[in-house]
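These are my notebook entries on a two-chain model. I set down what I looked up, in the order in which I looked it up.

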Amino acid sequence: MSNHGAGQAHAGAPAAGSAGSAGNAENTEYRVAHLIEHLAAGHLGELGVRVEVRGESVQLTGTVASAQCREEILGMVREELAGVPVHSDILVAENSAPGHAEELS
Amino acid sequence: MIRVAAVGDIHMGPESKGALRPAFESLPECADVLLLAGDLTRHGTTEEARVVAQEVQDLGVPVVAVLGNHDHHDERPDEVAAVLEDSGTRVLEGRGTVLGVGDIRVGVAGTKGFGGGFVGRSAGEFGELLMKEFVRCSRRCADALRRALEELDGQGCDVRIALTHYSPVPETLAGEPLEIYPFLGSYLLAEAIDTAGADLAVHGHAHAGTEHGMTSGGVKVRNVAQPVIGQAFRVYHLPVREPLPAGASGPAPD
């Protein structure tokens with residue numbers, strides 16, 4: 001994964017003095033920002049998953065086309081956000097036919 | 001009444017081959033046409049387009065599509081469109097097509113559309129060349145949509161549908177972060193639809209949006225992105241207006 005290094009570079013940045021905890025929080029934000037960029041521009045081409053920082057953890061939401069697609073996304077997330085607790089609510093699209101129609105007036 | 005099936009954002013690739021086919025095979029029982037509102041592939045490759053083509057080939061109902069931003073990602077949208085056209089799908093970009101449903105002439109005008117935002121919160125044609133080109137691109141799409149809808153009117157269509165990938169209205173984006181609305185649609189599309197007239201506008205693109213909306217001119221808008229509708233497609237029963245007798249000017253106002 002060619003983008004992996006860019007995401008990890010921020011994880012390795014040292015935090016100094018009293019700014020330490022703020023620096024760590026910022027660090028997660030930038031890692032998430034880079035993850036979002038890589039999900040979209042990388043080989044997954046995924047723009048439909050929302051990645052949001054929730055306190056010390058990260059939440060994933062959205063609907064993707066297949067279970068394989070979801071696994072690929074989770075793989076990239078685990079790699080780029082190593083050490084950050086991740087909660088995934090990614091759904092796979094429902095492919096059933098509708099049971100009724102909407103009547104437009 | 002005609003029965004319009006629609007879905008967008010199916011994002012197909014080799015891994016999802018065949019996933020929608022069982023539901024699509026039920027279309028002749030419940031719909032007269034299938035509209036595909038863009039983002040049919042994940043990356044816009046011809047390999048992915050072939051998966052889509054097989055999914056919608058020989059369904060027994062006409063299939064009309066526009067491409068989405070994902071279908072442009074590999075920078076060969078013409079090839080993606082050609083693969084779909086070869087399978088019998090009509091791919092629209094700035095033009096319309098007329099379908100015969102019994103005695104009813106159904107016109108569909110399509111464009112991918114583009115972003116720019118909505119009234120009071122939209123990008124302007126000003127400043128850097130890239131910024132101006134961004135807005136001009138959206139304007140070109142909207143102008144072509146308006147012309148296509150007007151041509152369909154001239155061809156005597158009983159029903160006209162505007163098919164886009166990007167949204168013409170903000171209502172169907174509800175659920176998406178407000179900050180990204182300018183990347184999800186443009187009021188220029190709604191203005192084109194209201195100027196030329198249409199009976200229904202269908203779009204995709206906004207996965208976290210809402211199905212129902214309306215232009216300020218009163219045209220119903222439906223966001224059929226698959227994550228929004230939660231099914232293989234939606235079906236809308238669209239009434240066909242009785243033609244006005246010669247010399248009539250329409251119903252009297254209340």
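Helices (H or I, at least four residues) and strands (E, at least two) are DSSP runs, numbered from the N terminus. An unreviewed UniProt entry annotates residues 2-208 of chain B as "domain: Calcineurin-like phosphoesterase"; UniProt positions are given in the numbering used here, feature names are shortened, and such annotations may be inferred rather than shown by experiment.

I noted the conventions next. The model is predicted, and local features need pLDDT of at least 70, side-chain atom pairs count only at pLDDT 80 or more, and totals for chains, interfaces and linings use all residues. Residues are numbered from 1 along each chain as its sequence is written, while chains are lettered from A and ligands numbered from 1 in the order in which they are written.

**Sheet of chain B.** I traced an open sheet of 6 strands in chain B, with the order 5-6-9-10-12-11 and mixed pairing (two strands pair if DSSP finds at least two bridges between them). Strand 5 (95-101) and strand 11 (212-214) of chain B are the edge strands, each pairing on one side only. On average, neighbouring strands of this sheet are turned by 25° against each other, direction ignored. Axes are lines fitted to C-alpha atoms, for helices over the stretch in contact, and angles run from 0 to 180 degrees between N-to-C directions. Helix 5 (residues 129-154) of chain B packs on the sheet and touches strand 5, strand 6 (104-111) and strand 9 (159-164) of chain B; its direction makes about 170° with that of strand 6 of chain B. I also found strand 11 of chain B antiparallel to strand 12 (residues 220-223) of chain B, joined by 3 bridges.

**Core.** The largest nonpolar core has 93 residues, and B:Leu145 is among those that touch the most other members. Such a core is a set of buried Ala, Val, Leu, Ile, Met, Phe, Trp, Tyr and Cys residues joined through C-beta atoms within 7 Å. Leaving out residues up to four places away in sequence, I listed the contacts of B:Leu145, including B:Ala109, B:Ala162 and B:Leu189 (contact: C-beta atoms, placed from the backbone, within 7 Å).

**Sheet of chain A.** Here 3 strands form an open sheet in the order 1-2-3, with mixed pairing. Strand 1 and strand 3 (86-92) of chain A each have a single partner strand, so one side of each is left without a neighbour in the sheet. Strand 1 of chain A runs antiparallel to strand 2 (residues 57-64) of chain A over 6 bridges, with A:Val51 opposite A:Leu60.

I asked why A:Arg54 counts as exposed. A:Arg54 is exposed because it has 9 C-beta neighbours inside 10 Å; exposed means 12 or fewer other C-beta atoms within 10 Å, buried 20 or more, partly exposed in between, with C-beta atoms placed from the backbone. A:Arg54 lies in strand 1 (residues 49-54) of chain A.

**Interface.** I counted 30 residues of chain B in contact with 19 residues of chain A. Strand 13 of chain B gives the most to the chain B side, with 5 residues. Strand 4 (residues 102-103) of chain A pairs with strand 13 of chain B in the parallel sense over 2 bridges, and A:Glu103 has B:His237 as its bridge partner there.

Terms used:
Contact = placed C-beta atoms within 7 Å.
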